[in-house]
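Hi,

Here is the structure I said I would pass on.

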Amino acid sequence: MNNILLCDLHRFGSSVKGHRVRFVKAFRRAQFASNKYVRIYYRLKCNAFAVLYGLEISPDTQIGEGFRIDHAYNITINPCSIIGKNCTLQKGVTIGCEARGLRKGAPILGDNIWIGSNAVIVGKITIGNDVLIAPNSFVNRDIPSHSVVFGNPCVVHHNPHATEGYIVFPV
């Protein structure tokens with residue numbers, strides 16, 4: 001747990017204060033607390049942040065290390081979604097489940113993904129590694145690794161360094 005939390009905090013760099021960091025700390029502690037009462041305490045703390053900042057992110061959601069929220073307002077992640085390492089979310093992002101049709105289910109996101117403001121990702125789709133999803137994009141199909149995605153319906157462009165400059169690893 002400590003290693004994952006340290007990776008998360010490392011992604012915030014020098015800005016290790018504020019509500020975004022406090023939410024991520026509570027989120028990770030709610031996930032990995034061994035004591036039942038401590039886990040309940042941190043789940044309640046996550047719920048308080050959810051009310052204050054419009055964050056709908058359950059501690060049951062599988063999110064890899066290096067999780068970063070750049071603007072913590074109105075973010076919704078379905079608990080059945082799986083998110084890889086070093087994912088950065090902007091405000092207004094929705095990662096949701098589709099209830100019917102061919103893509104019934106929740107998305108699986110790879111590593112090193114940057115998701116812009118108000119982007120929507122829905123359905124049982126797979127998004128590869130090193131993918132940048134532009135603001136206001138609607139993604140409801142599989143996205144290959146090393147891609148930039150934008151628009152509604154989404155347009156995919158291959159880029160060997162899609163998230164270069166967006167996924168920041170402070171020194």
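A term you'll need first: a nonpolar core is a set of buried residues of the kinds Ala, Val, Leu, Ile, Met, Phe, Trp, Tyr and Cys, joined through side-chain atoms within 4.5 Å. Keep in mind as well that this is a predicted model.

On confidence, the protein has an average pLDDT of 89, with 95% of the residues scoring at least 70. Strand β10 (residues 120-122) has the highest confidence, at 97, while α1 has the lowest, at a mean of 80.

Now the inside. The largest nonpolar core has 39 residues, and Ile 57, Ile 115 and Ile 127 are the ones with the most contacts inside it. Several elements give two or more residues to this core, including the helices α1 (2-12), α2 (19-32) and α3 (36-53) and the strands β1 (55-57) and β9 (113-115). The largest share comes from α2, with 6 residues.

What does Ile 57 touch, leaving aside residues up to four places away in sequence? Its partners are Phe 23, Phe 27, Ile 63, Phe 67, Ile 69, Ile 75 and Ile 77.

Tyr 37, Ile 40 and Leu 44 make up a nonpolar patch on the surface, and together they have about 350 Å² of accessible area. Leu 44 sits in helix α3. Why does Leu 44 count as exposed? Because its relative accessibility is 54%, and exposed means over 50%.

Cheers

Note on methods:
Residues are numbered from 1 along each chain as its sequence is written. Side-chain values use heavy atoms; hydrogens and water are left out. Buried means under 20% relative accessible area, exposed over 50%, partly exposed in between (1.4 Å probe, protein chains only). Helices (H or I, at least four residues) and strands (E, at least two) are DSSP runs, numbered from the N terminus. Contact means heavy atoms within 4.5 Å. Patches are made of residues with over 30% relative accessible area and no salt bridge: like charges are joined within 9 Å, nonpolar side chains (Val, Leu, Ile, Met, Phe, Trp, Tyr) within 5 Å. Accessible areas come from the Shrake-Rupley method with a 1.4 Å probe; for residues, only the protein chains shown count as cover. A salt bridge is a side-chain nitrogen of Lys or Arg within 4 Å of a carboxyl oxygen of Asp or Glu. pLDDT is the predictor's confidence in each residue, from 0 to 100.
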